[in-house]
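User: Could you walk me through this structure? I would like to start with the core and then move on to other parts.

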Amino acid sequence: MAQPPEVGYERNIFIDHVDEKFLCAECSLVLRLPRQSQCGHRFCLNCATRASGNTCKACRAEGAVAEYSSINPSQMFPDRAVEKEIQQKKVKCPNQGCIFQGICRGYDEHEQQCRFKPAICRRCENSVPESMLEEHMKTDCPERIIKCRFCQQSFRNIDKEQHNYSCPKFPLRCGGCEKTKIPRDVMNDHILSCETACPYQCLGCAPVPVRDLPGHFKEHSQNHQLLLIKGVLGKDNKLAQEVDNYLKSSVGGLEGRLRVVEQGGASAGPLSARNEECYQQLVVHTEVIKVLKNEISTLHQACNTVAEGAQAQQSRIVELENKVRQLERTLSLKDVGLAEQDLRIRSLELTSYEGTLLWKITDFKKKRDEAIAGRTISVYSPAFYTSRTGYKMCGRIYLNGDGMGKGSHISLFFVIMRGHYDNIQKWPFRQKVTFMLLDQNQHEHVIDAFRPDPNSTSFKCPTSEMNIASGCPLFVPLTHLENASSAYVKDDTIFIKIIVDCSDLN
C-alpha cells in the first residue's frame with residue numbers, strides 16, 4: 001500500500017470554497033486522513049506524526065496553550081465525519097492540460113497516475129508535463145544538442161543563430177547574379193567570376209563583370225546618380241512616372257537640338273550658344289527634381305504623423321478598455337458583497353435567541369437523494385442562541401443516516417459553535433437538549449432527548465468554528481416517515497424542532 005503524502009491537499013484542487021475547519025493546524029492545507037487532538041484541533045496523519053511532541057500551532061495562535069496542547073499521535077482519534085465531508089468535495093487536477101474532475105475520494109489515485117504531472121528538464125531546468133518530457137528533450141528544449149545540416153558541426157539549439165553567422169557551408173545569395181545556395185566559404189571565388197556585379201543593376205544599370213567594375217564606375221558615375229534619384233522617387237509610383245515622362249520628353253528635345261547642332265543646321269545658331277542653352281535647361285530640370293523630392297519627403301512626414309496619431313488613439317482605446325474591465329471587476333466585487341449581506345440579513349431574520357430552533361427543511365426528496373448518492377450527506381441548520389449573549393448552537397441532520405443509522409435512519413446531531421461571548425459562559429456545556437420531528441397533522445411527534453457528556457470535547461469551549469457534532473444517530477427510522485397515519489413529510493417538507501433547556505441559565 002502506498003504511503004500517504006507528507007502534507008494535506010492543496011486548496012487550489014477544490015472547485016468550491018473550503019471551510020477553515022477542514023484545514024490542518026500544522027501544514028495549513030486541506031486535511032488528508034484527519035486526526036483530532038485533545039485540544040480540539042485537527043491534523044493530517046503525517047503532520048501529526050512529524051510534529052509529535054511539539055505544541056499545537058493553532059493553540060499558540062489563539063493564546064490558549066495548555067497541557068493538552070502538546071501533540072501526541074497516540075492520543076488522537078480519526079475524525080471520520082470530517083474525512084467523509086472532504087472525500088465528497090468536488091476537485092479538479094491542477095496540472096496544466098489535465099481535464100480530470102471528480103470527488104476527492106478518487107484524487108489520490110489520479111495524483112499518482114496523472115500524465116500531466118510537472119517534471120524538470122535536466123538540461124534547461126524548465127517544468128514540463130511528465131508525459132511530454134521525452135518529446136521536449138528531443139524537439140523543444142533550447143539546450144538540446146543539434147547538428148548543423150550544412151557543416152555537420154554539433155552545438156546547442158540556443159546557439160543556432162550565432163552558428164549560422166559563421167558556418168562555412170551556410171548557403172548565401174549573390175547580390176549580383178541573384179544565384180542562391182552558394183556556400184559561404186566559396187562566395188569570394190564566385191563574386192570574382194560573377195558576370196552581373198554592378199551594385200546599380202537593380203536600378204536599371206546593365207550587367208557588368210567584376211573585373212570591369214573600376215572602369216564602369218568611372219565612366220558611368222553620372223548615370224548611376226540619375227538612377228539613384230529615380231530609385232528614390234520610385235517610392236511614389238505615380239509621381240515617379242510623371243517625372244520619368246517629363247525627363248524623357250525634355251532629354252529627347254535636348255538630344256534633337258544637339259543633333260541639329262552637330263549637323264550644322266542654320267537655325268541652330270552658334271554651337272556654344274546651343275550648348276549653353278542645353279546646360280541651362282539641365283540646371284532647371286535638376287531644380288525641378290529637387291522640388292519634387294522635397295514634396296515626396298513632405299508627404300512621407302505627413303503619413304508618419306497620421307500613423308503616430310493612429311497609434312496614440314489605439315493606446316487610448318486600450319487604456320479605456322482596461323478601465324472598463326477594472327470597473328467591471330469592482331462591480332462584481334460589489335455584487336458579491338451585497339449577496340453576502342443579503343444572506344446575513346436572511347440568516348438573522350431566522351435566528352432564535354430563546355434556546356429553541358424550528359427548522360424547516362424543504363425539497364426533502366431531492367436532499368435525501370443527494371445524501372443517498374453521497375453528494376451532500378448532511379445539512380446544517382441556521383444558528384440559534386440560548387440568549388442574546390449566550391451559547392451559539394446549530395443542528396446537523398443526515399437524511400440517509402450516519403454511523404449505526406446509515407441507510408436505515410435519519411441521524412440528528414447537536415453542534416456547539418464558536419460564539420462572541422464564549423469567554424463568559426460556563427464550560428463544559430451541560431444543558432439538556434431535546435429533538436423533535438413534528439407531525440404536521442399534530443397527531444404524534446417523534447421526540448428524543450439527551451444530556452451532554454461533560455468529558456466529551458463536543459461540549460467544551462470551541463477552539464474552531466464548531467465542535468464535533470453529538471446527538472442521535474438512530475433518531476427516527478426511515479420507514480417511519482411512510483406511516484400513513486402521520487404526516488412527517490408534507491408538501492416535500494419536514495420540520496425539526498431543537499429545544500435547549502435554559503431554565504437554569506437566567
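**Core, helix and cavities**

Analyst: Leaving aside neighbours within four places in sequence, Ile-397 is in contact with Trp-359, Ile-361, Ile-377, Ser-378, Val-379, Ile-410, Ser-411, Leu-412, Ile-494 and Ile-496. Please keep in mind that this is a predicted model.

User: Which residues have the most contacts inside the largest nonpolar core?

Analyst: They are Ile-397, Phe-414, Phe-429, Phe-435, Leu-437 and Ile-496, in a core of 32 residues.

User: And which elements give two or more residues to this core?

Analyst: The strands on that list are β12 (356–361), β15 (392–398), β16 (409–417), β17 (433–437), β18 (446–450), β19 (470–477) and β20 (494–500). Helix α12 (364–373) is also on it.

User: What does the second core include?

Analyst: Cys-44, Ile-71, Val-82 and Val-91 are among the residues of that second, separate core, which has 26 residues.

User: Stepping back, how many helices and strands are in the chain?

Analyst: The chain has twelve helices and 20 strands. Of its 506 residues, 34% count as buried. Among contacts between residues at least 6 apart in sequence, 47% join residues at least 24 apart.

User: Changing topic to the backbone: which peptide bond is cis?

Analyst: The bond from Trp-427 to Pro-428 is cis, with omega near 5 degrees. Pro-428 lies in the loop between β16 and β17.

User: What about phi of Lys-181?

Analyst: Phi of Lys-181 is near 60 degrees, which is a positive value in a residue other than glycine. Lys-181 sits in the loop between β10 (171–172) and β11 (182–183).

User: Is Lys-181 buried or exposed?

Analyst: Lys-181 counts as exposed because its relative accessibility is 71%, and the cut-off for exposed is over 50%.

User: Where is Asp-491 found?

Analyst: Asp-491 is in the loop between β19 and β20. Asp-491 has a positive phi of about 55 degrees although it is not a glycine. With a relative accessible area of 70%, Asp-491 is exposed.

User: Now the cavities. How many of 30 Å³ or more does the structure hold?

Analyst: The structure holds three cavities of 30 Å³ or more.

User: Which residues line the largest cavity?

Analyst: Its lining consists of Lys-84, Ala-371, Ile-377, Tyr-398, Asn-400, Gly-401, Asp-402, Gly-403 and Lys-406. These divide into three nonpolar, three polar and three charged residues. Ile-377, one of this lining, is also among the contacts of Ile-397.

User: And which residues line the second largest cavity?

Analyst: The second largest cavity is lined by Ser-37, Gln-38, Tyr-68, Ser-70, Asn-72, Gln-75 and Met-76. That lining divides into two nonpolar, five polar and no charged residues.

Key
Residues are numbered from 1 along each chain as its sequence is written. This is a predicted model: local features need pLDDT of at least 70, side-chain atom pairs count only at pLDDT 80 or more; totals for chains, interfaces and linings use all residues. Side-chain values use heavy atoms; hydrogens and water are left out. A nonpolar core is a set of buried Ala, Val, Leu, Ile, Met, Phe, Trp, Tyr and Cys residues joined through side-chain atoms within 4.5 Å. Buried means under 20% relative accessible area, exposed over 50%, partly exposed in between (1.4 Å probe, protein chains only). Helices (H or I, at least four residues) and strands (E, at least two) are DSSP runs, numbered from the N terminus. Contact means heavy atoms within 4.5 Å. On a 1 Å grid over the protein atoms alone, a cavity is a set of points where a 1.4 Å probe fits but cannot get out, and a pocket is an open set with protein on both sides within 12 Å along at least five of seven lines; lining residues have an atom within 4 Å of a point. Grid points are joined across faces, edges and corners, and a volume is the space filled by probe spheres set on the points. Ala, Val, Leu, Ile, Met, Phe, Trp, Tyr, Cys and Pro count as nonpolar, Asp, Glu, Lys and Arg as charged, and the others, Gly among them, as polar.
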